[in-house]
Amino acid sequence: MIKRALWQGLIAGTAGGVVMTLGEKLEQAITGRPDSHVPARVLQRLTGLPERPGKQPLLANWAMHFGQAALLGVLRSVMAQSGLRGPVASAKFTVVRLTNDQILENATGVGAPPSTWPRRELVIDVLHKSVYAFTTGVIADALAHRSTGPGPGQRHAHLRPGRHPDIGPLPRQDAYGR
């Protein structure tokens with residue numbers, strides 16, 4: 001499962017990053033909002049790369065933006081491989097994407113907690129991260145379904161929907177693990 005989740009997640013996450021970026025560029029053309037260079041600043045702080053105030057580090061920005069999108073896609077793919085698929089799984093993943101950004105931005109001192117942001121900026125960020133998460137989810141779910149069919153969680157749910165004490169786990173050979 002991990003090998004499949006790795007390559008499928010990198011594909012799904014990268015595609016989600018591309019769609020999010022296209023949406024951001026469209027939104028910026030409409031709203032006039034400038035490019036954010038927060039991803040580059042975070043990468044510079046995490047890696048010890050030199051910071052050059054006043055210069056916009058485009059390559060570092062893209063590296064962090066798309067690298068983060070691709071790597072987090074692996075987590076969404078693990079979710080899909082396990083049977084956590086569909087819009088609810090993608091909504092959960094949206095929270096993961098937002099949380100990942102905030103941990104990195106706040107730990108490096110590049111960003112501030114979202115509760116201090118102007119509402120409009122917060123709404124725009126959540127919207128774009130949702131586009132990323134749902135796009136990544138659709139692709140990860142499709143790739144997982146194509147390669148394995150229903151995941152172990154989905155097979156368990158088909159025994160009897162819901163949580164019931166009289167429905168035990170799937171047989172070991174029908175799930176991931178040892």
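1. Let me begin with the surface. The protein has an accessible surface of about 10,400 Å², and 67% of this belongs to carbon and sulfur atoms. Please keep in mind that this is a predicted model.

2. On the overall layout, the protein holds six helices and zero strands. Following the sequence, you will read the pattern α-α-α-α-α-α.

3. The protein has 178 residues, of which 37% count as buried. If you take the contacts between residues at least 6 apart in sequence, 69% of them join residues at least 24 apart.

4. Which residues form a nonpolar patch on the surface? They are Leu 6, Leu 10 and Leu 71, which together have about 280 Å² of accessible area. Leu 10 lies in helix α1, which covers residues 2–31. With a relative accessible area of 33%, Leu 10 is partly exposed, because that term covers values between the 20% limit for buried and the 50% limit for exposed.

5. Do have a look at the aromatic rings. A search of the whole structure turns up one aromatic pair. Phe 93 and Tyr 132 make this pair, which is tilted, with 5.8 Å centre to centre and 40° between the planes. The pair links distant parts of the chain, 39 residues apart: Phe 93 belongs to helix α4 (residues 87–107) and Tyr 132 to helix α5 (residues 119–148). Phe 93 and Tyr 132 are both buried.

6. One more detail at Tyr 132: the charged end of Arg 97 sits over the Tyr 132 ring, 4.9 Å from the ring's centre.

Conventions:
Residues are numbered from 1 along each chain as its sequence is written. This is a predicted model: local features need pLDDT of at least 70, side-chain atom pairs count only at pLDDT 80 or more; totals for chains, interfaces and linings use all residues. Side-chain values use heavy atoms; hydrogens and water are left out. Patches are made of residues with over 30% relative accessible area and no salt bridge: like charges are joined within 9 Å, nonpolar side chains (Val, Leu, Ile, Met, Phe, Trp, Tyr) within 5 Å. Accessible areas come from the Shrake-Rupley method with a 1.4 Å probe; for residues, only the protein chains shown count as cover. A salt bridge is a side-chain nitrogen of Lys or Arg within 4 Å of a carboxyl oxygen of Asp or Glu. Helices (H or I, at least four residues) and strands (E, at least two) are DSSP runs, numbered from the N terminus. Buried means under 20% relative accessible area, exposed over 50%, partly exposed in between (1.4 Å probe, protein chains only). Rings of Phe, Tyr and Trp (its six-membered ring) pair if their centres lie within 6.5 Å; planes under 30 degrees apart count as stacked, over 60 as edge-to-face and the rest as tilted. A charge sits over a ring if NZ of Lys or CZ of Arg is within 6 Å of the ring centre and within 35 degrees of the ring normal. Contact means heavy atoms within 4.5 Å.
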